Each structure stands twice: as structure tokens, then as C-alpha cells.
Amino acid sequence: MILMLIMCLIMFIISTIFILISFLISKKSLMDREKCSPFECGFDPKSIARIPFSLHFFLIAMIFLIFDVEIALIFPLIFTFKMVNMINWWKINLFFILMLLIGLYHEWNQNMLNWSN
């Protein structure tokens with residue numbers, strides 16, 4: 001127990017020393033030319049770089065990301081089909097898919113899926 005505590009203390013001290021050394025060595029500049037230049041191509045802009053974009057496009061992109069992540073969450077449920085209790089598996093899956101369908105219905109009801117707004 002004491003050996004484990006000593007090892008944790010040594011790892012904490014070493015990591016703290018490395019963090020402090022990295023802060024001391026790192027180059028600090030608040031106004032750098034690369035930070036002030038446009039990110040996309042490196043050319044100087046001829047007009048203002050901050051143009052407004054469609055809020056509806058942003059909301060559609062957020063809906064896509066939410067449903068994309070939820071598809072990634074559904075995929076592992078296929079592999080757990082034979083490893084868990086069937087009743088609990090069905091309850092969890094039905095609840096998850098029901099929440100997805102309620103969210104989809106809400107977006108449809110708010111006319112967020114219509115691009116022509």
C-alpha cells in the first residue's frame with residue numbers, strides 16, 4: 001500500500017515537472033501573423049471575412065450530427081444481443097429508439113426539416 005502511494009506521488013511529481021518545463025519553454029506570442037490571417041487558404045482577404053450564414057443550415061447540420069452520433073450509439077447494441085438478458089435488451093433498445101422517434105417528430109412538427117423555409 002505504501003509502495004503504491006509512493007509510486008503515485010512520484011508520477012504526480014514527474015508529470016508536474018514536465019508540465020512546468022513545457023510552460024517555460026513554449027513560445028508565447030499574443031499577436032502572431034498566423035493567428036490573424038485567414039485559416040482556409042492563407043491569402044489575405046480582399047473583403048470582410050465575416051459573412052453571415054444561414055441559421056437554418058446550421059440547425060440542419062446540428063440535427064444531422066445528433067442523429068449521426070445516435071446511429072453510432074445504436075451500432076454496439078447489435079453485438080450485445082446474445083450477451084445480455086433479452087427483456088432488458090429490448091427495453092433499453094425500445095426506449096432509445098422511442099427517444100429518437102420523439103426527437104424526429106418534434107423536429108418535423110417544428111418544420112425544421114423543410115429546407116424551403
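Helices are taken here as DSSP runs of H or I with at least four residues, numbered from the N terminus. On that basis, in this predicted model, Phe-75 and Phe-79 both belong to helix α3, which covers residues 55-79. A search of the whole structure finds 2 aromatic pairs, and the points below take up each pair and then the annotated spans.

**The phenylalanine pair**
- The ring centres of Phe-75 and Phe-79 are 5.2 Å apart and the ring planes stand at 90 degrees, so this pair is classed as edge-to-face, given that planes over 60 degrees apart count as such.
- Within helix α3 the two residues are separated by 4 positions, which is about one turn of the helix.
- Phe-75 has a relative accessibility of 48% and therefore counts as partly exposed, whereas Phe-79, with a relative accessible area of 53%, is exposed, the cut-off for exposed being over 50%.

**The tryptophan pair**
- Trp-89 and Trp-90 form an edge-to-face aromatic pair, with 5.2 Å from centre to centre and 90 degrees between the planes.
- Trp-89 is buried, at a relative accessible area of 13%, while Trp-90 is partly exposed, at 46%.

**Annotated spans**
- An unreviewed UniProt entry carries the annotation "transmembrane region" for residues 6-25, 55-81 and 87-105.
- In the model, residues 6-25 are 100% helix and 0% strand, and the C-alpha atoms at the ends of this span lie 29 Å apart.
- Residues 87-105 are likewise 100% helix and 0% strand, with 26 Å between the end C-alpha atoms.

Conventions. Residues are numbered from 1 along each chain as its sequence is written. This is a predicted model: local features need pLDDT of at least 70, side-chain atom pairs count only at pLDDT 80 or more; totals for chains, interfaces and linings use all residues. Side-chain values use heavy atoms; hydrogens and water are left out. Rings of Phe, Tyr and Trp (its six-membered ring) pair if their centres lie within 6.5 Å; planes under 30 degrees apart count as stacked, over 60 as edge-to-face and the rest as tilted. Buried means under 20% relative accessible area, exposed over 50%, partly exposed in between (1.4 Å probe, protein chains only). UniProt positions are given in the numbering used here, feature names are shortened, and annotations may be inferred rather than shown by experiment.
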